[in-house]
Amino acid sequence: MAEYTAQQLLDIVNTVHVAEGNARVRQITQRIVTDLFRTIEELDVTPDEFWAGVGWLTRLGASGQTGLITAGLGFDRLIDIRMDEADERAQRAAGTPRAIEGPLFVAGAPLSEREVRLDEGEEPPRGEVVVMEGRVLDTDGQPVAGALVDVWHANELGRYSHFDPDQAPYHLRRKIRTGADGSYRFRSFIPPGYAIPPGSPTAELFDALGRHGNRPAHIHFLVVAEGLRTLTTQVNIPGDSFLDDDFAFATRDGLVVTLEPGTPAAGYESLGISAPFTRVRFDFVLQKALSADEQRPEARMDRVAAA
């Protein structure tokens, strides 16, 4: 038996081990545990408050919403800020701004050559018909043929296929291979903004914090090309009331697109368009990869699973 002071207990937790383990994991865990010990002591956290927090973490894990919490508390954007700062220090050409991936990417979307309908099978179309088109370029302005553009967005109710049982697999999710001139285009509709699920563990926390859980309308992208740095980003639709107050802090200069309503249908018949529609033009500019790791095709969470 042994009696400890709080400091003695912390020292033992942070130093005792019976195997080498992973030094980096020990370093990070020591910092987190130390900060939590200090928080409990300095804020006089009660047993009821502590166990309420443990219960909330248990519900959070069971709900699959950890990716919402990391975004809503700013961690996802912090990682991007640090990557941007590293690029600035290295004087790397910036390219298209990166933006958070979010927790709802699904690998394996059907592949199309140069163009595709995300809203395939929806007649009449839901919402305002939009075609987004452009090119994938490198930072020298050269087109990138054969780049793969993964695109995904929410339906008219703010829900994503795979996570919503009412939607078909890969609904509003596609992968597009760019043409010889680096071009891509897809037809869909302008998605709405949406809020975190009411009554969920994420909503519980944000209610307690007095914060809203709304995201502005956006479309996600993962762009991959040989020799270039994989880009995770998203574009925002102008005019959304939460454009400058995003729950996930993901809105960025250079990622708010311009809408071109009333674009004539001529030349877009292959996408099933026969009447004027709204066009969005956007080029993705990818940095040169400095290592094989930078051009890995996995999304952020898939990288960890593949390691």
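This is a short tour of the structure, one selection at a time.

Before you start, note that this is a predicted model, in which local features need pLDDT of at least 70, side-chain atom pairs count only at pLDDT 80 or more, and totals for chains, interfaces and linings use all residues. Residues are numbered from 1 along each chain as its sequence is written, and side-chain values use heavy atoms, leaving out hydrogens and water.

**The whole protein**

Show everything first. The C-alpha atoms fill a box of roughly 80 × 45 × 30 Å, taken along the principal axes. Colour by secondary structure to see 7 helices and 13 strands; these are DSSP runs numbered from the N terminus, with helices being H or I of at least four residues and strands E of at least two. Of the 307 residues, 43% are buried, where buried means under 20% relative accessible area, exposed over 50% and partly exposed in between, with a 1.4 Å probe and protein chains only.

**R92**

Next, select R92, in the loop between α5 (75-89) and β1 (111-113). Is R92 buried or exposed? R92 counts as buried because its relative accessibility is 18%.

Now show what surrounds R92. Leaving aside neighbours within four places in sequence, R92 is in contact with D87, R229, Q287, K288, A289, L290 and E294; contact means heavy atoms within 4.5 Å. Zoom in on two of these partners. The R92 side chain reaches the backbone oxygen of K288 at 2.7 Å, and it makes a polar contact with the side chain of E294 at 2.8 Å. A polar contact is a pair of N or O atoms within 3.5 Å; within protein, one must be able to donate a hydrogen and the other to accept it, and residues adjacent in sequence count only if both atoms are side-chain atoms.

**Strands around β5**

β1 and β5 run parallel, joined by 3 bridges; two strands pair if DSSP finds at least two bridges between them. Here L111 stands opposite K175 in β5.

**An annotated span**

Finally, select residues 132-160, where an unreviewed UniProt entry places the feature "domain: Intradiol ring-cleavage dioxygenases". Such annotations may be inferred rather than shown by experiment. The span is 0% helix and 41% strand, and its end C-alpha atoms lie 19 Å apart.
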